[in-house]
Amino acid sequence: MSRQPLTPDEYHELVSKLTPPSRMLRGYWRAFWVGGLICCIGQALTLWAQQLNLGEVTAPMFTTSCLIFLGTTLTGIGVYDRIGKYAGAGSAIPVTGFANSVAAPAIEFQREGAVMGVGARLFTLAGPVLAYGIGASVIVGVVYWLVRGWVL
Amino acid sequence: MNTLWMFLKAFVVGGLICDIGQLLIMRTKLTNARILVLFVVSGVVLTAVGVYKPLADFAGAGATVPLTGFGYSLAMGAIEAVNRYGLIGAFVGGITRTAAGITAAVVFGLINALVFKPHAKP
C-alpha cells in the first residue's frame, strides 16, 4: 500500500478537517480576550494621559509609546513569546505585537554584530509594515489633495 | 459606569479585531508578516473611506491599539498635513503623526537587543 504524497493544499484541507471545532473556538477565545485586554491597558494609559493633561494629539503618542515599551521589554525578558504562543493573533495584532516583531529578531541575531545583526534585523518585520503603511498613506494624501482641489 | 462602558467597548472591539487576525492565521496560509502588512494597509484604506474614524471615536483604544490603528494614524496624519501644507503634506503627515511610535519601537528595540540575551523558543 503506497500513498500518494499530499500536496500542500490537500494537507491544509486535511488539517482543517481534522482539527476539532473546540480547538478552533479556543483559538478565537484566546485571541479575543488577550487582544481585548491589551486594548484595555491602552485605554487605561489613555485615561492616565488625559489626567496628565496631554493634548488630543500627544495622548495617543504617549499611549503607543508606553505599549511599545511594554512590548519590547516583555520580549526582552522572554515573556512575550509565551503570550504569543498562547494567544496567537491576540498578541500579534496589537501594537505590542509590532514592538515584539521589532525587538525579537534584533535580540535573536545579536551574534551577527551590532550593525548588520541588531541594526538591520530591527526592521525584519517593521520594514515591510512601514514601507507599505507609509506608501499607502502617501497615496491617500495625494488622492485627497487631488479630490480636494477638484471639488473646491 | 461611563468608564466601565468605555473599557468594555475597547475590550470587545479590540478583541474582535484580533479575532479577524486569528481567522486569517487559522483559515489561510498567510505568513505573520503578510497579516501585519495587511492590517496596517487596511487601516489606511478604511480611514481614507471614512469608516475607521467613527470606529476609533466609538471604541477608543479598542480601535487605535491594534495595528489597523497604526494605519489610521498614518492616514489621518497625511490628510491633516495636506490640509495644512498642500501636496507636500502627503509626504509629511504619516510619519509625523506616528513618529513617537516608530521611534519608541526602534529605540526600545535597540536597547533591548543590547541588554538581553537570546532566549530559547518556548
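N53(A) sits in the loop that joins α2 and α3 of chain A; helices here (H or I, at least four residues) and strands (E, at least two) are DSSP runs, numbered from the N terminus. Although N53(A) is not a glycine, it has a positive phi of about 65°. It is also exposed, with 8 other C-beta atoms within 10 Å. For burial, C-beta atoms are placed from the backbone, and a residue is buried if 20 or more others lie within 10 Å of its own, exposed if 12 or fewer, and partly exposed in between.

A word on the model itself: it is predicted, local features need pLDDT of at least 70, side-chain atom pairs count only at pLDDT 80 or more, and totals for chains, interfaces and linings use all residues. Residues are numbered from 1 along each chain as its sequence is written, while chains are lettered from A and ligands numbered from 1 in the order in which they are written.

Another loop residue of chain A is T19(A), found between α1 (8-18) and α2 (21-51). T19(A) is exposed too, with 12 other C-beta atoms within 10 Å. From T19(A) to V118(A) there are 99 residues in sequence and 38 Å in space, C-alpha to C-alpha.

Elsewhere in chain A, helix α6(A) has 14 residues and reaches 20 Å from its first C-alpha to its last, close to the 20 Å expected at 1.5 Å a residue; the expected span is 1.5 Å times one less than the number of residues. Of those 14 residues, 13 are buried, so α6(A) is largely enclosed by the rest of the structure.

One partner of α6(A) (residues 95-108) is α3(A) (residues 58-76): the two pack at an angle of about 40°, with their axes 8 Å apart. Axes are lines fitted to C-alpha atoms, for helices over the stretch in contact, and angles run from 0 to 180 degrees between N-to-C directions. That angle makes α3(A) oblique to α6(A), given that angles under 35 degrees count as roughly parallel, over 145 as roughly antiparallel, 65 to 115 as roughly perpendicular and the rest as oblique. The crossing of this pair is right-handed, a label used if the near helix is turned clockwise from the far one by less than a right angle, with anticlockwise being left-handed. Among the residues that meet are L67(A), I68(A) and G71(A) in α3(A), and A99(A), N100(A) and A103(A) in α6(A); contact requires C-beta atoms, placed from the backbone, to lie within 7 Å. By class, the residues of this contact come out as nine nonpolar, eight polar and no charged. Here Ala, Val, Leu, Ile, Met, Phe, Trp, Tyr, Cys and Pro count as nonpolar, Asp, Glu, Lys and Arg as charged, and the others, Gly among them, as polar.

Turning to chain B, there are six helices and zero strands. The C-alpha atoms of chain B fill a box of roughly 50 × 40 × 35 Å, taken along the principal axes. Buried residues account for 48% of its 122 residues. Of the contacts in chain B with a separation of 6 or more, 56% involve residues 24 or more positions apart.

The 26 residues of α1(B) should span 38 Å at 1.5 Å a residue, and its end C-alpha atoms are 37 Å apart, which agrees. Its buried residues include F11(B), I17(B), C18(B) and D19(B). These buried residues pack against α2 and α5 (89-92) of chain A together with α2, α3 (52-59), α4 and α5 of chain B.

Helix α5(B) (residues 67-85) has 19 residues and reaches 27 Å from its first C-alpha to its last, close to the 27 Å expected. With 15 of its 19 residues buried, α5(B) is largely enclosed by the rest of the structure. Just after α5(B), G86(B) takes a positive phi of about 85°.

As for how the chains meet, 64 residues of chain B are in contact with 65 residues of chain A. On chain B, α1 (2-27), α2 (32-48), α4 (61-64), α5 and α6 (93-115) each supply at least two residues of the side that touches chain A. That side of chain B has 44 nonpolar, 17 polar and three charged residues.

One helix pair spans the two chains: α8(A) (residues 123-151) and α2(B) pack at an angle of about 20°, with their axes 9 Å apart. That makes α8(A) roughly parallel to α2(B), and their crossing is right-handed. Residues including Y132(A), G133(A) and A136(A) in α8(A) meet others in α2(B), among them V37(B), V40(B) and V41(B). The contact has 14 nonpolar, two polar and no charged residues.

Conventions: Contact = placed C-beta atoms within 7 Å.
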